[in-house]
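Thank you all for coming.

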Amino acid sequence: MASDYDRLGALKAFDDTKAGVKGLVDAGVTTIPSIFHHPLPIEHTDHDHHFTIPVIDLAAATGGTTTTPSKRTELVAAVKAAAETVGFFQVVNHGVPKAVMSEILAAVRGFHEEPAEAKAPYYSRDLGRPVRYWSNFDLFQSPAAQWRDTLYMETTPELPPPEEIPPACRLIALEYARLMQQLGRTLLELLSEALGLRSSHLEEDAACLERLAGHYYPSCPEPHLTLGTTRHSDPCFLTVLLQDAVGGLQVLLKEDYDGGGGSSSSSSSNKSSAVWVDVPAMEGALVVNVGDFLQIVSNDRFKSVEHRVVAQSTGPRVSVVCFFRRQDAPTSTRVLRPIVADGEARFRSTTMAELIRHNRAKGLDGSSALQHLRL
């Protein structure tokens with residue numbers, strides 16, 4: 001009991017600084033506080049290059065090339081294959097200018113590297129605030145804290161008033177959100193068609209870009225003891241990630257997956273084992289992954305694969321993540337029901353609100369939010 005009490009005190013003391021992990025680095029820590037220590041060992045990472053993350057050219061859907069029915073069919077097939085196997089893919093010719101991508105990364109980094117007193121007014125755990133900065137949304141729930149700070153911006157039912165957005169991000173955040181909304185619509189159309197549905201089907205459920213998160217992962221003096229982001233899957237329909245050149249994002253893939261880079265040499269006795277695979281930083285590309293909501297609706301055809309970010313001695317790492325789900329998802333009574341083309345439902349029906357409550361309660365504890373819904 002004493003150790004639990006001490007840990008709670010340490011968490012509160014850290015949170016009260018309103019300076020986040022960046023504040024620890026600025027203070028010159030050479031050993032990380034125990035609240036950041038993760039259970040060891042941290043799982044095996046694949047370094048044998050058995051796996052590749054698909055790269056998909058969206059030009060046929062974004063106007064980057066002359067669109068023909070055959071090109072659209074090929075594009076839908078590529079998206080379908082990626083969603084059904086890896087659940088992760090990178091996209092190019094997506095319609096977001098490289099200059100805008102560079103500017104939003106620089107703006108997020110600029111905000112996080114401002115003096116602590118300049119960031120403190122934005123620090124809050126009030127989920128009702130449309131713009132908030134904090135370290136670890138699940139700081140008081142998860143077994144171990146993560147080596148990461150985040151600036152959140154809710155983008156529904158409308159974008160936050162410009163005066164509520166930190167000056168470093170104000171103009172570019174609004175422009176980036178607008179472009180992401182367009183891209184999200186395109187991706188949801190392709191995924192709908194991949195399920196054999198009318199192109200507007202998923203957008204009616206997912207509705208819009210609900211939230212934008214600017215993550216900042218400072219360099220870590222003891223990266224072997226912690227993680228930048230713990231193993232998890234995303235409670236949404238779709239996630240689109242922009243990452244800088246530092247890397248560190250990894251996806252958990254089963255050994256029997258062959259992503260085009262050659263098959264695994266594993267024997268049949270361990271086909272069900274899984275390894276962590278790097279999602280390489282690719283200039284000009286955006287990373288797309290299937291969320292939990294879409295895995296349920298697709299009745300397990302599309303995979304909401306678990307992923308994480310490793311801590312590193314180099315850095316900082318900066319990323320911008322966009323989550324697509326209904327604006328009222330945390331309170332929505334709209335039912336997520338598997339679309340069963342043949343066979344049986346693999347998940348019980350649930351509401352968006354129920355799944356989000358479950359996800360928030362457990363935090364990023366290394367478990368999948370979908371397990372308690374499986375039939």
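Predicted model: local features only at pLDDT ≥ 70, side-chain atom pairs only at ≥ 80, totals over all residues.

Let me begin with an open sheet of 8 strands, which has mixed pairing and the strand order 1-2-10-7-12-5-4-3. Residues are numbered from 1 along each chain as its sequence is written, and side-chain values use heavy atoms, with hydrogens and water left out.

Helices (H or I, at least four residues) and strands (E, at least two) are DSSP runs numbered from the N terminus, and two strands pair if DSSP finds at least two bridges between them. Strands of a sheet pair through backbone hydrogen bonds, either parallel or antiparallel. In our sheet, strand 1 (55-57) and strand 3 (131-134) are the edge strands, each pairing on one side only. From one strand to the next the twist averages 25°, where axes are lines fitted to C-alpha atoms, for helices over the stretch in contact, and angles run from 0 to 180 degrees between N-to-C directions. Strand 1 runs parallel to strand 2 (residues 88-92), and 3 bridges join them; Val55, for instance, has Gln90 in strand 2 as its bridge partner.

Which strands does helix 4 touch as it packs on the sheet? Helix 4 touches strand 1, strand 2 and strand 10 (286-290), and its direction makes about 160° with that of strand 1, contact meaning heavy atoms within 4.5 Å. Helix 7 lies across several strands, including strand 4 (149-154) and strand 5 (209-217), and runs at about 130° to strand 7 (238-243).

These two helices also meet each other: the axes of helix 4 (residues 69-85) and helix 7 (residues 170-194) come within 9 Å and cross at roughly 85°. That makes helix 4 roughly perpendicular to helix 7, a label used for angles of 65 to 115 degrees. Among the residues that meet are Leu75 and Val79 in helix 4 and Leu190 and Leu191 in helix 7. The residues of this contact divide into 7 nonpolar, no polar and 4 charged, where Ala, Val, Leu, Ile, Met, Phe, Trp, Tyr, Cys and Pro count as nonpolar, Asp, Glu, Lys and Arg as charged, and the others, Gly among them, as polar.

There is also an open sheet of 4 strands, antiparallel in its pairing, in the order 6-11-8-9. Strand 6 (227-232) and strand 9 (274-278) stand at its edges with a single partner strand each, so one side of each is left without a neighbour in the sheet.

On a 1 Å grid over the protein atoms alone, a cavity is a set of points where a 1.4 Å probe fits but cannot get out, a pocket is an open set with protein on both sides within 12 Å along at least five of seven lines, and lining residues have an atom within 4 Å of a point. The largest pocket is lined by 47 residues, with Phe137, Tyr152, Arg211, Phe323 and Arg325 nearest its centre, and the lining divides into 22 nonpolar, 13 polar and 12 charged residues. The second largest cavity has a lining of 8 nonpolar, 1 polar and no charged residues, and helix 7 gives the largest share of that lining, 3 residues.

Notes: Parallel < 35°, antiparallel > 145°, perpendicular 65-115°, else oblique.
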